[in-house]
Amino acid sequence: MSARRAWLVAARELRADLRQPDGVVAAATFMAALILLQSIVVGPQVARESGVAPALYWIALLFAALVTALRSFDRELEDDALDAVLALPGGRDALYAGKVLALAGTLALVGLVGGLLAIAFLDLAIALPGHLGLATALGIVALPGIVVLDVALTLRLRARAALVPVLALPVLVPQLVAATSASAAALAGDASASLAWSALLLAIALVYAVLGLTIVPTAIE
Amino acid sequence: MPAMQPSARLERATVALEDRVILRAIDLEVAPGITVLRGPNGAGKTTALRALAGLLPLLRGAREVAGELLYLGHRPQLLHGLSVRENLAFFMAFRGRGGDAAAAIARWGLAADADRPVERLSVGQRRRAALARLDAEPCDVIVLDEPFAELDQEGVGLVREALNAAVARGAAVLIASHAHPEIDRDAVRVYSIHDGALAGA
Amino acid sequence: MITTAPPRALTVRIRPVLGLASVAAATIATAMALLWAPPDAVQGEVQRIMYVHVPAAWTAYLAFVVVFLGSVGWLWSRRLAFDAVAVASAEVGVLFTGLALVAGSIWAKPTWGVWWTWEPRLITTAIMFVMYVGYLLLRGLSPGIEQRATRSAVIGIVAVLNVPVVHLSVTWMNALHQLPTVLRPGGSPALDERMLATLLVGVLAFTLIYLWMVAKRATLELARSARVMEGLR
């Protein structure tokens, strides 16, 4: 598996997104809308509790990830460009790894926008900003592996849009729990808890990264 | 290490898609020079080429390719959101080697549109851009699915020139086409496929 | 290349034996559960539903592991027998997971006062249920035998690895949890001897039923795919 080739795929994605940012803008807007909606519905008092705000954030980011990943592959399916990449030497491996990297990149942007928005809207008090940043970064790195796996696996299937969340959401529960807990601890000022959860998040990310790289490429068609 | 002669082959290959047999135990050999695959639409030409390119798993049989393979399919298969120049750069960088992209762009008449996103180009231009990969990515084995489609007279001439150049450097070329009978004249071998079964001359 | 080799001798001879053994064990287990095991000092008769809930849950986990093994087996060897075992185990697994959840719910209402509680094992079991269902949905929407087997195999592997990870993360998160009654660290379970014996017989009975159902279903699946593969000759 060539890191260089994976980077080429990711760079291609980012370049296309920079040119036509409508996808990323839609994802960011989606995220903002979800956070807003959730905050309104549970009530801003409840929403700004250190245990609740992160949950709203990470769930919103998760759905933004699903939406982005589906669109990312749709772009490839137009014009059969997917075949062109798969026919290249090392194409399958690079496609999975590259898409994961690209999704992480998009989520970083969307997550930043959503995060700043949430902090502003809910007037969040952040006890440990560094720890929060770490938790957010690790969470963003931990989500794409599974999301891309499920989108790649269901590429040419009917009812894809409904099937991907069914497959992805249960497998993302640990990442969601860990990211939310790490963020909540950072907001509340519990440094050791935050780091412990962040460590778990990292471990989960690594395990699924290795697993994904091993078994997904052969299953893409 | 001695350079192996470029070649590609499918041996007794059976390919099924969604539990329907498309190719039935076919033997297809592509030696240096031009090999042509003819047959009516729906006979399995595209499937055979995709199988040879490694895009489809074989139900039975084997696939062997000696040398680096370039597959240009039925549709232009260009990366959307990128320009022609960026597409070629991507493919060349992926392989880690390549020809002269600027020269290729000029040769195929795309110099004026090389920096526009490919989705804004006409069908004919996209077809040319895809074919420019023949020059940008010199490969030992070249598999082309209906390369003359959507091209004007000039474009057809360009394709023939590119193919001659490829053959001159020893490449093994497989072309699937249901028109342009004149290419059979220079062909090393002409196969004809009907209903998933192959007959070779 | 894909090979389809139905292990005929195995299934033809073993299945009836499994069937009989299952019926026998189930009968004994039911008798023990209803008549022989003593009622719980605190919960009373309703506690007997444990003899359905616990074995069902254990067997569900077993089924999931078998799905994993079948998935790995398919990716490794391309023999459809592995895929057949995987889907059979998944279907029986869904059944037993559902049963465990329902039985657990029925048990929870009179004892805890709620139909459901956010307890780590329950959460893990519920998530497992959704993953199985997703696995079967994916299969249902997948055309082409080999592609379906490969897709399912990836999900089968990811899903089973997810179970301990979910359990770990949810346990950490949850302040209140009770240690499993049988697997308490330190050895002896905090159960009456007769209850334990009944439980173990129950586990045995459920396991036999599981094996019997999987054998039947896998043979059916293998026969079906063999027919399709023949048609592709």
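Analyst: Two residues are counted as in contact if their C-beta atoms, placed from the backbone, lie within 7 Å. The model is a predicted one, and everything below is computed from it. With that cut-off, 24 residues of chain C are in contact with 22 residues of chain A. On the side of chain C that touches chain A, α4 (120-141) and α5 (145-173) of chain C each supply at least two residues, and α5(C) gives the largest share, 15 residues. Sorted by class, this side of chain C has 17 nonpolar residues, six polar residues and one charged residue.

The part to look at closely is helix α7 of chain A, which covers residues 129-142. The buried residues of α7(A) are A:His131, A:Leu132, A:Ala135, A:Thr136, A:Leu138, A:Gly139, A:Ile140, A:Val141 and A:Ala142. What covers these buried residues includes α4, α6 (91-122), α9 (160-188) and α10 (191-219) of chain A.

One of these covering helices, α9(A), can be followed in detail. The axes of α7(A) and α9(A) come within 8 Å and cross at roughly 170°; because of that angle, α7(A) is roughly antiparallel to α9(A). From α7(A), the residues A:His131, A:Leu132, A:Ala135, A:Thr136, A:Gly139 and A:Ala142 take part in the meeting, and their counterparts in α9(A) are A:Gln175, A:Ala179, A:Ala182, A:Ser183, A:Ala186 and A:Leu187. The contact of α7(A) with α9(A) divides into seven nonpolar residues, five polar residues and no charged residues.

Another of the covering helices, α4(A), has a contact of its own with helix α8 of chain A. Helix α4 (residues 53-77) and helix α8 (residues 144-153) of chain A have axes that come within 10 Å and cross at roughly 45°, and because of this angle α4(A) is oblique to α8(A). The crossing in which α4(A) passes α8(A) is right-handed. On the α4(A) side the contact is made by A:Ala65, A:Leu66, A:Ala69, A:Leu70 and A:Phe73, while α8(A) brings A:Pro144, A:Val147, A:Val148, A:Val151 and A:Ala152. By class, this contact of α4(A) with α8(A) has ten nonpolar residues, with no polar and no charged residues.

The loop between α6 and α7 of chain A holds A:Asp123, whose phi is near 50°, a positive value in a residue other than glycine. Most residues other than glycine have a negative phi. A:Asp123 counts as exposed because it has 9 C-beta neighbours inside 10 Å.

B:Ala25 is partly exposed, because 18 other C-beta atoms lie within 10 Å.

Chain B also has a helix that is mostly covered, namely helix α4 (residues 123-131), where seven of the nine residues are buried. The buried residues in α4(B) are B:Gln125, B:Arg126, B:Arg127, B:Arg128, B:Ala129, B:Ala130 and B:Leu131. Among the elements that cover them are β5 (69-72), α2 (84-95), α5 (133-136) and α6 of chain B. Helix α6 (residues 153-168) of chain B is also the place of B:Glu154, which is exposed, with 11 other C-beta atoms within 10 Å.

Among the contacts in chain C with a separation of 6 or more, 79% are accounted for by residues 24 or more positions apart. Besides touching chain A, chain C has a contact with chain B that takes eight residues from chain B and eight residues from chain C. On the side of chain B that touches chain C, the residues divide into five nonpolar, no polar and three charged.

Definitions and conventions: Residues numbered from 1 in each chain as written. Chains lettered and ligands numbered in written order. Predicted model: local features only at pLDDT ≥ 70, side-chain atom pairs only at ≥ 80, totals over all residues. Helix = DSSP H or I, 4+ residues; strand = E, 2+ residues; numbered from the N terminus. Nonpolar A, V, L, I, M, F, W, Y, C, P; charged D, E, K, R; others polar. Axes fitted to C-alpha atoms, helices over the stretch in contact; angles between N-to-C directions. Parallel < 35°, antiparallel > 145°, perpendicular 65-115°, else oblique. Left-handed = near helix turned anticlockwise from the far one by under 90°. Buried ≥ 20, exposed ≤ 12 C-beta atoms within 10 Å, placed from the backbone. Expected span 1.5 Å × (residues − 1).
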